[in-house]
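Me: I am new to this structure and would like to learn how to read the way helices pass one another. Please give me the general idea before each case.

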Amino acid sequence: KPTVEPPKQLFHIIPPEATEYIAPSAPIVEPVEAPIIPLPFAPRHPLEPLLILYGYGGGYSGEGLGWISQEEYKSRRSNTLNENPHVKLDESKEVADYLSQLDPKYLEELEQMDRVIANPMSSNTRTVITIPAFGEGKIIRKTLQQFLNQKDRAGNAINPELFEIIVYENDTETRPKDETEREIQRFKEDHPNLKVHYAYKRWSQDDINRKINTVGNGRKYLCDLALLRSSKRTSSNGELIIINNDADLEEISSRYIIDIVEEFDKNDHLDTVVGKRNLPNWALQKPNVRAGQRMWEIFDSVMRHGAGTGIAPQKREKGWPGMIGENSAMRASIYAAVGGYNPYARLAEDQELGHMMRVSRNYDDRRFEYLNRLQTIKNPRRYLTTMVSGIPLIQMYNDYHENKDIRNLDNRQLLKRIP
């Protein structure tokens, strides 16, 4: 039989009754294994050229963006801005000069879109919300609903003429049209007081051959149409502000519009305002989703507060936070003065436009402002799809603007597949 060792005696150290027990001055923490949390950064290759786009949270390859060279910025800018980067721009002059330089065929296309809208811009309109749409029929109504209950500081409903919304649906000739237009029309019938306008563009084969079927050109059509409509007014109650949003809004503040208008009105020097981007709470319940989103916010915050101060302009052009197409606002005058969106920009068109503005103003810090309260809650579909696919979050914008399949995925099912 095998020898069985007697059980080892256990010793318990118990202080006597008369002994005072003094706890350690600092708690003893047992070491634990830290969980692995994926961060939204793409791996680097030793010789890979990297273009830093901080509004997107990290870096993209400099190839394939379709950006114009910085040497071209000056030729696109208005004479007024070239002569004096600190000038107070005259909106009517800048917009008129900009529109006069547009290609006549393109300008006529904008005129035709305005004729279809058939509803002039009110003299009370201070801001135009621009929303590009590509296969967004299932969610466009929810996006428009976010603008139904906009309030002033006193909690009263704002004048519905204070803003208008332009949804610009764009697609190719080979794709079937979805229900976007039908949903917008239904929304307009249900809410006739809200100024919602619809424009549509099918990219032709010629557009594709010329490489102008881009997200940059989509936003250009939107903003240029807003300028054209504004230019036809005989009077206005203040400068026009263009708000950039996307078609997948989940939630905005009830004072979203008034916050933007008042911020520009009380800060005459401002050219651009950028707001916070966030995800819905139900998506942030997943630890990895929350960690990735918060890391993204921290990265952006560090760049906002540390990239520009005390750094010479020529050294901070790539380390400077820029525009965010899904939640930003700009004066119509500065948009026109820098030559508008680049129609060849296939990605990060908002970053490029913001960079044009910064360069034109000689990186004057006062021209740009970040407002944390100006928050949009976005549909997390691209975020979740990227995580499920095992792709670094920094790459989630790469083909999203031209991928309709992603828009049809079920977010709740995607969320279940994320650890």
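Reply: A crossing is right-handed if the near helix is turned clockwise from the far one by less than a right angle, and left-handed if anticlockwise; helices are DSSP runs (H or I, at least four residues), numbered from the N terminus. Here helix 4 passes helix 8 in a right-handed crossing, whereas that of helix 3 and helix 8 is left-handed. The model is predicted, so local features need pLDDT of at least 70 and side-chain atom pairs pLDDT 80 or more, while totals for chains, interfaces and linings use all residues. Residues are numbered from 1 along each chain as its sequence is written, and side-chain values use heavy atoms, without hydrogens and water.

Me: At what angle do helix 4 and helix 8 cross?

Reply: Axes are lines fitted to C-alpha atoms over the stretch in contact, with angles from 0 to 180 degrees between N-to-C directions. These two axes come within 10 Å and cross at roughly 70°, which makes helix 4 roughly perpendicular to helix 8 (65 to 115 degrees).

Me: Which residues of helix 4 and helix 8 meet?

Reply: With contact meaning heavy atoms within 4.5 Å, Tyr-106, Leu-110 and Asp-114 are among those from helix 4, and Lys-220, Asp-224 and Leu-228 are among those from helix 8. The contact has 8 nonpolar, no polar and 6 charged residues, where Asp, Glu, Lys and Arg count as charged, Ala, Val, Leu, Ile, Met, Phe, Trp, Tyr, Cys and Pro as nonpolar, and the others as polar.

Technical notes. Angles under 35 degrees count as roughly parallel, over 145 as roughly antiparallel, 65 to 115 as roughly perpendicular and the rest as oblique.
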